[in-house]
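Colleague: Hi! Could you walk me through this one? I'm still learning how to read structures.

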Amino acid sequence: MSAMLRAENLHHRVATSEGPLTLLNNISLQLARGESLAITGASGSGKSTLLGLLAGLDKPSDGRIWLAGEEITALDEEQRAALRARCVGFVFQTFQLLPGLTAQENVMLPSELRGERGAARRAEEFLARVGLGHRLHHYPRQLSGGEQQRVAIARAFASFAGDDGILFADEPTGSLDAGNGDKVIDLLFKLNAESNTTLVLVTHEQRLAERCGAHLRMAAGSIEAGDSGSALAEVSA
Amino acid sequence: MLPLKLLFRDWRGGELALIATALVLAVTCVTAIAHFTDRLARAMEQQSLTFLAAERVLRSSRPVDPAWLQEARDRGLLQAEAVQFASMVAAGDQFQFAAVKAVGAGYPLLGELEMRDTEEGPSHRVKQGPAPGETWVEPRLLPLLQLQLGESLQLGDTSLRISGLLEREPDRGTSFFDMGARVLVHLDDLPASGVIQPGSRVRYRYLFAGDDEALDRYFEWLKPQLTEHQRVIDLKEGQPRVARALERAESFLFLAGSLAVLLASVAVGLAARRYSLRHTAYVAVMKSLGAGRDKVLAIYLGQLAALTLIATAAGLLLGSLIQSQAVNLMADFFPAQPPPSHWSPLIVGLATGFDCALGFAVAPLFRLARTDPMQTLRRDWSNPDRREWLGLVLGPTSMLLLIWWLSGSLAITAALFAGMALLVGGAALVNRLLVRGRLASIGGAWRIALGSLQRRAAFNTLLIAAFGTGLLAMLALVFARTALIDEWRMQLPDKAPNHFLMNIAPHEVDGLDQMLFDKGVASTEIYPMVRGRLVAINGVPAKEYEKSAGGERVGALRRELNLSWTENLAPDNRILEGDWWDKTDEGVSVEVELAARLKLALGDVLRFSIGGLEVEAPVASFRSLDWNSMRPNFYMLFAPGTLEDFPATYITSFYLPPQQKLLVNDLVRNFPSVSVIELDKIIQRIRDTIDQVSLAIESVMALMLVAGVLVLVAGVRASIAERLQEAAIIRTLGGRRRLLLQSLLLEFGLLGIAAGLLAAAGAEATLAVLSQRVFELPFMFHPLLWLLGPIVGALLVGSAGTLACRSSVSQPPLKVLRELA
């Protein structure tokens, strides 16, 4: 199985008024196409920072990352953005829907940013798949939290231009009640399995982490424990 | 297409409304003012040109070559002719000295004559003079000649029927040719009258009007051919006082336009900043979804361009509508039929729209494009990029360039820059002082208000500067307008002398003085006058002196001067250097500007030639005076006793109210040799023009005040969102609505006081530069400004802020928190 995501010896430091602060310390991991990884850890353990680096939102201070076969640490910001536009989808804790756009327009946005035709039809399809085919023209403020997160999931899956999709989810149930959270997670895993996409998710919930093929627990910027399940080929600390 | 789609979607969401409103407001204000000032300036110019009855006048003491006039007609110019001279007119055995003016077809080219065709009826305006064989005379001539309207008077060998009473002519002047009652005749009657003989003192006025460029080209062609007896007169030369008033009015209107740009820019800047802050989350999400910086920039710049185009178009339309309504409403006050709108104000509006957008909205968008996509994960929407240098440089630079272009005046631009720099520097300083207040000992609303000010220290600097700019514009404008209009009114006070009496013989002085006293007319001092020529300075003949002193041509060396003496310094005269006659008893006091042109020093000896005799006198003092005071004034005032042996005539001036006008007839009858110069009609016309200009200035100022208030509203709106969340939290924790309203009032009130104080300082600096460099008025300190600034600031900003936030404070806190989440 070829690696969809690979990180080698990641270090990340930021400058603060009290001197440099290490956020990540020597992290390596590998994930094959279609597999899923849960990153857990206490607040401030560095899991969201790691997610951002793996998705190419920022560059690590040291180390290398490959995403869909490309070394993103060797790319500049524009090239990384282009890669994200092709094969990265995001689901955020606070949904991050654009309030001025309807549900359909929010889902159309990734296709439009790629300059694709048929964005509206594609958005309609994805919204139907998440059970919101009847709420295409509703604005985020007119939707419940669970519905907003379903729109965000539809948008994430609409982000993939081809088969090489990788979905990054940052505490996707963090803003939802237990019932809605379960529904959203079921949907996320269902679509992930249907589309054969790779999934990396940050969560506090043990229950959710257990549904992933691999599990990585972080503490103080380092990997505290790695579950070398089927998906995790290599975890080193 | 994507930017347009997003613009459309965003618009629906209401996010772009504020920036669009600010742009529309900017363009509307500037377009309306530019249109209005353009039309008003052109109307006023037209009106002023009627003082000449033409756009240019060629004045000559002899008839000019008819080929010159033919050339003008060939070039498509309008041309008319007037011949002026003094002559006796008669009726039976009554004779009267009159100022005759013979006018041909087409006279007046600009302006109108005002006449009556019955003795009691209303006057009306006409665009041509009397027909051949007829004459129109000034009403006061009828009793002098014991004539009625419809009867005839004799001008030389010809008899002319009096068919009208002349109330006003546009180009009535104050020269020798205008002394005495006016008799207006047709040019065709002149040859038959035989009054013009070789050697007669006659003034020929050739009037021209037409396209500016054609006029310029014609006079370029004509000027080299003119002799020293011929002169071209345009508005500036014809009516320097009106020209100056117009120039100042124009400067003022441009200042108002510039301030509109300034205010609008601030409004756009505030709106754009808010827009950029609110879109940080958008951009972070878009970047996570794969939009690079260039793409984000392209999307937002595309949106801004489209928005600017739409808003500018709307502003141009609105501005044009507003000005046409304003012009219609003010039609009665316009000096003449307002000229149609020109296209140039549209360019000004267009440039303003794009300048405001580029200068003030582009920098926040560049910052927006640099948003870090990691913020989506950190859920932190503050904009960490503090590099605001682009905005700080681009905004003010583009604004100042636009103001420079609009006003065409470096002085106005510099004045505003000085005011603004003072304001922004002061805002930072005041803000530091404000946030250092100790909170521990105060409670309630004060604590919340000061706490809020401290937390938003950086933004408050911007807000104080913005509010301060609005207040600065309003204060500077109100005070500049007051100074300007007061100065005009002071120049021509209500009872300024409006008649001059010249050529009073020494034996007539007492009798004339008594007559004026008996009639209750207060005259200025009666001055003796001896005519003499300045022939040498320190023994050097005048012409050689002129060359050695730098070669500047000084008119005073080429003609006879009116020389006088007096013991009392007139109220409008002031000794600047040297001594007056209470400290020395010999010499001559010289008017300071002439002294400067002649490069004179105290003690220089001036030699005058008076009636073939020569007199020498050392320069005893330099003296300033006010030529506008309408009192007799002299370049040279001698020590009493120096000139008393020379034959002198006397001169004085006095104010005659309109109802006592016939006193002029009594004067002419009792003192036939005295020349009466009647300035009352000219003064009235100048006063009318100044009143119209003042009204225009006040109207423009009202528009500006509206713009200023709108900036305040934009500033308040820009800061509302940041306050709402806090208010909702305080309410959730049990804070009462009244407490919140009090704290808001205090917070905005304190900001208003700070802004008002700074605005007063900025306005004082601006006024100082403006009065000296633009309006050429003396510098004045304005204590009222310092009092009004903070009070108006606290009231306006305090009430605007509280009102804007009031409804939100009343909403259920949960709703506010949900909407802001």
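Modeller: Happy to! Let's begin with a helix pair in chain A: H5(A) passes H6(A) in a right-handed crossing. Keep in mind that this is a predicted model.

Colleague: Okay, and at what angle do the axes of H5(A) and H6(A) cross?

Modeller: At roughly 15°, with the axes coming within 10 Å. Here H5 covers residues 145-158 of chain A, and H6 covers residues 178-195. Angles under 35 degrees count as roughly parallel, and that makes H5(A) roughly parallel to H6(A).

Colleague: Which residues in H5(A) and H6(A) meet?

Modeller: From H5(A) they are Gly146(A), Gln149(A), Arg150(A), Ile153(A) and Phe157(A). Their partners in H6(A) are Asn180(A), Val184(A), Leu187(A), Leu188(A), Leu191(A), Asn192(A) and Ser195(A). By class, the contact of H5(A) with H6(A) has six nonpolar, five polar and one charged residues.

Colleague: Nice. What do the side chains of Glu194(A) and Lys190(A) form?

Modeller: A salt bridge, at 3.5 Å from N to O. Both residues lie in H6(A), four residues apart, which is about one turn of the helix.

Colleague: And how many salt bridges are there over all chains?

Modeller: The count comes to 25. Across the interface of chain A and chain B there is one.

Colleague: Let's switch to chain B. How do the axes of helices H3(B) and H6(B) cross?

Modeller: They cross at roughly 155° and come within 10 Å. H3 is residues 66-74 of chain B, while H6 of chain B is residues 212-222. Angles over 145 degrees count as roughly antiparallel, so H3(B) and H6(B) fall into that group. Their crossing is right-handed.

Colleague: What makes the contact there?

Modeller: H3(B) brings Trp68(B), Leu69(B), Glu71(B) and Ala72(B), and H6(B) brings Tyr218(B), Trp221(B) and Leu222(B). Sorted by class, the contact of H3(B) with H6(B) has six nonpolar residues, no polar ones and one charged.

Colleague: And what about H17(B) and H20(B), parallel or antiparallel?

Modeller: Those two are roughly antiparallel to each other. The axes of H17 (residues 509-518) and H20 (residues 663-670) of chain B come within 12 Å and cross at roughly 160°. The crossing of H17(B) and H20(B) is right-handed.

Colleague: Who meets whom in H17(B) and H20(B) — which residues?

Modeller: Leu512(B), Met515(B) and Leu516(B) in H17(B) meet Leu663(B), Asp666(B), Leu667(B) and Asn670(B) in H20(B). The residues of the contact of H17(B) with H20(B) are five nonpolar, one polar and one charged.

Colleague: Changing topic: what kind of peptide bond joins Tyr107(B) and Pro108(B)?

Modeller: A cis one, with omega at about -10°. Most peptide bonds are trans. You'll find Pro108(B) in the loop between strand E3 (94-103) and strand E4 (113-116) of chain B.

Colleague: Last one! Is phi of Asn9(A) positive or negative?

Modeller: Positive: phi of Asn9(A) is near 50°, in a residue other than glycine. Most residues other than glycine have a negative phi. To look it up, go to strand E1 of chain A, residues 3-16, where Asn9(A) lies.

Key:
Residues numbered from 1 in each chain as written. Chains lettered and ligands numbered in written order. Predicted model: local features only at pLDDT ≥ 70, side-chain atom pairs only at ≥ 80, totals over all residues. Heavy atoms only, no water. Axes fitted to C-alpha atoms, helices over the stretch in contact; angles between N-to-C directions. Parallel < 35°, antiparallel > 145°, perpendicular 65-115°, else oblique. Left-handed = near helix turned anticlockwise from the far one by under 90°. Contact = heavy atoms within 4.5 Å. Nonpolar A, V, L, I, M, F, W, Y, C, P; charged D, E, K, R; others polar. Salt bridge = Lys/Arg side-chain N within 4 Å of Asp/Glu carboxyl O.
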